[in-house]
Amino acid sequence: MSRIGKQPIVIPKNVKVTIEGNCVSIEGPLGILKHRIPECLYLELKDTTLIVKRERDDKEVRNLHGLTRSLIFNMVKGVTEGYSKELEIVGMGFKAELKNNQLVMHLGFSHPVIFNFPKEIKIEVPKPTHIKISGIDKQLVGEVAAKIRHIYPPEPYKGKGIRYSNE
């Protein structure tokens with residue numbers, strides 16, 4: 001039995017879970033997330049707990065068991081608390097600002113870098129050298145942060161560039 005997959009997911013009172021066939025929809029105070037689970041797995045909803053179970057005991061199914069449980073747990077946490085990542089910009093004259101729902105960064109290139117982000121993501125620039133990315137989908141928040149960091153990753157000698165705040 002999968003150590004992660006067999007753990008029950010506790011559903012808070014302000015979260016509504018809907019299971020329709022192979023699709024699970026989780027609605028909370030911050031929004032709605034949907035996920036399609038593999039056909040070899042099924043969900044059991046008992047009062048305030050959700051349990052992911054599997055039909056077979058193949059290696060692939062065991063792997064999907066733990067993965068699916070983690071994804072659903074992240075969805076529940078996302079619609080209740082949300083996720084965020086913070087980036088720092090290091091370098092002389094390097095800065096960022098929000099203009100017309102676009103992130104405009106001046107990173108020492110001959111032109112400013114304009115980054116369009118999805119509408120599900122909220123980006124804040126509290127200081128010109130700090131960027132805060134937040135949203136309810138953990139994967140999307142991490143992907144947007146990685147794309148922004150990829151524009152000018154920190155160089156190894158002076159450390160100029162865009163880095164995660166805990167890096």
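This is a predicted model: local features need pLDDT of at least 70, side-chain atom pairs count only at pLDDT 80 or more; totals for chains, interfaces and linings use all residues.
Reader: Why is Asp 47 called exposed?

Author: The relative accessibility of Asp 47 is 79%. Exposed means over 50%, so Asp 47 counts as exposed. Asp 47 lies in the loop between E5 and E6.

Reader: What is the phi of Asp 47?

Author: Phi of Asp 47 is near 50°, which is a positive value in a residue other than glycine. Asp 47 sits in the turn of the hairpin formed by E5 and E6, with 2 residues between the strands.

Reader: How do you know that strand E5 pairs with E6?

Author: Strand E5 (residues 41-46) is joined to E6 by 6 bridges, and the two run antiparallel. Pairing needs at least two bridges, so E5 and E6 pair. Within this pairing, Val 52 in E6 is the bridge partner of Leu 43.

Reader: What makes strand E1 a partner of E6?

Author: Strand E1 (residues 9-10) and strand E6 (residues 49-54) run antiparallel and are joined by 2 bridges. The requirement is at least two, so E1 and E6 pair. Val 10 has Thr 49 in E6 as its bridge partner.

Reader: How do you know that E8 and E9 are paired, and which way do they run?

Author: There are 5 bridges between strand E8 (residues 95-99) and strand E9 (residues 102-106), and the strands run antiparallel. Since pairing asks for at least two bridges, E8 and E9 qualify. Opposite Lys 99 stands Gln 102 in E9. E8 and E9 form a hairpin with 2 residues between them, and Asn 100 in the turn has a positive phi of about 50°.

Reader: Why is Asn 101 called exposed?

Author: Asn 101 has 66% relative accessibility. The cut-off is over 50%, so Asn 101 counts as exposed. Asn 101 lies in the loop between E8 and E9, and its phi is near 55°, a positive value in a residue other than glycine.

Reader: What makes the contact between Glu 97 and Lys 99 a salt bridge?

Author: The side chains of Glu 97 and Lys 99 meet with an N to O distance of 3.5 Å. The limit is within 4 Å, so the pair counts as a salt bridge. Side chains of opposite charge can pair when their charged atoms come close.

Reader: Are these two residues buried, exposed or partly exposed?

Author: Glu 97 has a relative accessible area of 26%, and Lys 99 has 45% relative accessibility. Buried means under 20% and exposed over 50%, so Glu 97 is partly exposed and Lys 99 is partly exposed.

Reader: Why is Arg 54 called buried?

Author: The relative accessibility of Arg 54 is 14%. Buried means under 20%, so Arg 54 counts as buried. Arg 54 forms a salt bridge with Asp 57, the closest N and O atoms being 3.0 Å apart. The structure holds 9 salt bridges.

Reader: Why is Leu 64 called partly exposed?

Author: Leu 64 has a relative accessible area of 30%. Buried means under 20% and exposed over 50%, so Leu 64 is partly exposed. Leu 64 is found in helix H1 (residues 59-80). Together with Leu 67 and Leu 71, Leu 64 makes a nonpolar surface patch of about 220 Å².

Reader: What makes Lys 138 partly exposed?

Author: The relative accessible area of Lys 138 is 44%. Buried means under 20% and exposed over 50%, so Lys 138 is partly exposed. Lys 138 is found in helix H2 (residues 138-151). Leaving aside neighbours within four places in sequence, Lys 138 is in contact with Asn 74 and Tyr 83.

Notes
Residues are numbered from 1 along each chain as its sequence is written. Side-chain values use heavy atoms; hydrogens and water are left out. Patches are made of residues with over 30% relative accessible area and no salt bridge: like charges are joined within 9 Å, nonpolar side chains (Val, Leu, Ile, Met, Phe, Trp, Tyr) within 5 Å. Accessible areas come from the Shrake-Rupley method with a 1.4 Å probe; for residues, only the protein chains shown count as cover. Helices (H or I, at least four residues) and strands (E, at least two) are DSSP runs, numbered from the N terminus. Buried means under 20% relative accessible area, exposed over 50%, partly exposed in between (1.4 Å probe, protein chains only). Contact means heavy atoms within 4.5 Å.
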